[in-house]
Amino acid sequence: MNKDCIFCRIISGEFQSDILYQDDEVIALRDINPKAPTHILIMPKAHIPSLAEITMDHQTLMGHLVRVAGELAKSEGIAARGYRLVINSGPDSGQEVPHLHLHLLGGRQLGKLG
Ligand code: AMP
Ligand code: ZN
């Protein structure tokens, strides 16, 4: 828990949010400013700032995040047509919130990368 982190404050229950899934390690919530019809953020409950802090100890957690994202894609009805998972990490990526999170985006044709 980082008291200066908006996502930690959501996880602790201090701030309200549209939570779709949670377990002991992971939480998923709707992005407040969606960039696609489905835009969900999947994140660890632990405050890990970015991919730069990921170590061997986090390998299971990273798989857990991707699995939950895949399950949410199915429950949102976007799995068959396809979707995108994005992790921004660090300044050049435009990461705004320094609490590691996956973006699950879908429900429309997504533009090509690059
Ligand atoms: P990133 O630029 O990868 O750090 O993405 C941060 C995302 O968090 C953006 O898509 C924001 O719209 C989203 N966001 C910021 N504050 C909130 C909030 N209180 N609840 C839900 N999503 C949020
Ligand atoms: Zn945090």
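Modeller: What follows goes from the ligand to the pockets.

Modeller: This is a predicted model, in which local features need pLDDT of at least 70 and side-chain atom pairs count only at pLDDT 80 or more, while totals for chains, interfaces and linings use all residues. Residues are numbered from 1 along each chain as its sequence is written, chains are lettered from A and ligands numbered from 1 in the order in which they are written, and side-chain values use heavy atoms, with hydrogens and water left out.

Colleague: How many residues surround ligand 1, and which are the closest?

Modeller: A residue is near a molecule if one of its heavy atoms lies within 4 Å of it. Here 18 residues surround ligand 1, the closest being D31, N88, E96, V97 and H103. By class, that shell has seven nonpolar, seven polar and four charged residues, where Ala, Val, Leu, Ile, Met, Phe, Trp, Tyr, Cys and Pro count as nonpolar, Asp, Glu, Lys and Arg as charged, and the others, Gly among them, as polar.

Colleague: Which side chain has an N or O atom 2.5 Å from an oxygen atom of ligand 1?

Modeller: A polar contact to the ligand is a pair of N or O atoms within 3.5 Å. The side chain of D31 places an N or O atom 2.5 Å from a ligand 1 oxygen, and for the side chain of N88 the corresponding distance is 2.9 Å. A polar backbone atom of V97 also lies 2.9 Å from an oxygen atom of ligand 1. The protein covers 87% of the 510 Å² of accessible area (Shrake-Rupley method, 1.4 Å probe) that ligand 1 has on its own.

Colleague: Which element gives the largest share of the shell around ligand 1?

Modeller: Helices (H or I, at least four residues) and strands (E, at least two) are DSSP runs, numbered from the N terminus. Helix 1 gives the largest share, three residues, and the elements with two or more residues in the shell are helix 1 (6–11), strand 2 (26–30) and strand 3 (38–44).

Colleague: Which residues line the second largest pocket?

Modeller: A pocket is an open set of points on a 1 Å grid over the protein atoms alone, where a 1.4 Å probe fits, with protein on both sides within 12 Å along at least five of seven lines, and lining residues have an atom within 4 Å of a point. The lining of the second largest pocket consists of G77, I78, R81, G82, Y83, R84, G107, R108, Q109 and L110, of which three are nonpolar, four polar and three charged.

Terms used
Polar contact = N/O pair within 3.5 Å; in protein donor to acceptor, adjacent residues only side chain to side chain. Areas by Shrake-Rupley, 256 points an atom, 1.4 Å probe, with all protein chains shown as cover.
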